[in-house]
Amino acid sequence: MPHTVALLATASEDQGPGNTLRLVLLASLVGAVLLGWFLLRGYRNDDNND
């Protein structure tokens, strides 16, 4: 985890917080999509789980 903090700090030094915020937003969107897919996968009805 310390490597990630150092990487984000280095990225934000060069161009301000824009790149860091972009990375956080992208990671949260990908995480939300994966979480939704994982949760909705259990509600699929294949007529096998009677």
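Buried means under 20% relative accessible area, exposed means over 50%, and partly exposed lies in between, with a 1.4 Å probe and protein chains only. I looked up Trp37 with this: its relative accessible area is 52%, so Trp37 is exposed.

**Source notes.** The model I opened is predicted; local features need pLDDT of at least 70, side-chain atom pairs count only at pLDDT 80 or more, and totals for chains, interfaces and linings use all residues. I number residues from 1 along each chain as its sequence is written, and side-chain values use heavy atoms, with hydrogens and water left out.

**Whole protein.** I found 2 helices and 0 strands; these are DSSP runs numbered from the N terminus, helices being H or I of at least four residues and strands E of at least two. Of the 50 residues, 2% count as buried. The protein exposes about 4700 Å², and carbon and sulfur atoms supply 67% of that area. Accessible areas come from the Shrake-Rupley method with a 1.4 Å probe; for residues, only the protein chains shown count as cover.

**Trp37.** I located Trp37 in helix 2, which covers residues 18–41. Over its ring sits the charged end of Arg41, 5.1 Å from the ring centre. For this I need NZ of Lys or CZ of Arg within 6 Å of the ring centre and within 35 degrees of the ring normal.

**Asn19.** Asn19 is also a residue of helix 2. I list Asn19 as partly exposed because its relative accessible area is 24%. Its side chain makes a polar contact of 2.8 Å with the side chain of Arg22. A polar contact is a pair of N or O atoms within 3.5 Å; within protein, one must be able to donate a hydrogen and the other to accept it, and residues adjacent in sequence count only if both atoms are side-chain atoms.

**Ser28.** I placed Ser28 in helix 2. A polar atom of its side chain lies 2.8 Å from the backbone oxygen of Leu25.
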